[in-house]
Amino acid sequence: TGTEIVISFGSTGQLTQQIENGAPFDIFFAADRRHIERLKKKGFTIPGTEKSYAQGRIVLAVNKLEGVNITKIEDLLNPSVRRIAIANPDHAPYGIAAKEALVSKGLWDKVKSKLVYGENIRQALLFIQTRNATAGIVALSVADVPEISYTPIDVKLHNPIVQAVAVIKKTRLRDEALSFIDYINGPTGRRIMRRYGFLLPGEF
């Protein structure tokens, strides 16, 4: 189309605060619907542009070089697991899901002292890749990298991670923004999203 896409990465909570403080974004792809609803209620989005675009999954991830056999969430109690990386549950939806899964299994209080928090899911993954954490709970969409082996976590252990998008009211490129959202939710975009392990609208 000739329209350049410039991407800013960050945790959903932090990006929400930036938008509320006037950051000049055109579109916001959030890792959960709650933050889109928050912005909608405060008048920061163009009404009617809010849409779901995916449902995320979390996985139990371990660095292959650690030589630790971790195939289920209870294995995080293993003394050989020194540190566990998750995204910060105070502002990152995937961190919230990780905490919910640990709580569901009665493990949160038992592993809390081992936890290291990434500001977003990619930083949590980086902790595992660089062996600053033995293992962690990260998004399936980022886990397929050479250093990492992973096991999907039962979706029943946490609330659904329904991801949503909206056009920000301050944009000067409303039509282009809507076109890009349509692309992501169209046949080509959906093939890409599915390749990275997301469920798509109509599948959840």
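Predicted model: local features only at pLDDT ≥ 70, side-chain atom pairs only at ≥ 80, totals over all residues.
**Exercise 1. Identify the buried residues of helix 5 and state how they are arranged around its axis.**

*Solution.* Helix 5 spans residues 121-129, and its buried residues are Ile121, Ala124, Leu125 and Ile128. Viewed down the axis of helix 5, these buried residues fall within an arc of 100°, and they therefore line one face of the helix. The two ends can then be examined. At the start of helix 5, a side-chain oxygen of Asn120 comes to within 3.1 Å of the backbone nitrogen of Arg122. Just after helix 5, Arg131 adopts a positive phi of about 65°; Arg131 is also one of the residues that Glu66 touches.

**Exercise 2. Classify the packing of helix 1 with helix 2 and list the residues that meet.**

*Solution.* Helix 1 (residues 12-20) and helix 2 (residues 33-41) pack at an angle of about 10°, and their axes are 10 Å apart. Angles under 35 degrees count as roughly parallel, so helix 1 is roughly parallel to helix 2. From helix 1, the residues Thr12, Gly13, Thr16, Gln17, Ile19 and Glu20 meet His35, Arg38 and Leu39 of helix 2. Sorted by class, this contact has two nonpolar, five polar and two charged residues.

Note on methods
Residues numbered from 1 in each chain as written. Heavy atoms only, no water. Axes fitted to C-alpha atoms, helices over the stretch in contact; angles between N-to-C directions. Helix = DSSP H or I, 4+ residues; strand = E, 2+ residues; numbered from the N terminus. Parallel < 35°, antiparallel > 145°, perpendicular 65-115°, else oblique. Contact = heavy atoms within 4.5 Å. Nonpolar A, V, L, I, M, F, W, Y, C, P; charged D, E, K, R; others polar. Buried < 20%, exposed > 50% of the residue type's maximum accessible area, 1.4 Å probe, protein only. Arc of directions from axis to C-beta. Polar contact = N/O pair within 3.5 Å; in protein donor to acceptor, adjacent residues only side chain to side chain. Lists of a residue's contacts leave out its neighbours within four places in sequence.
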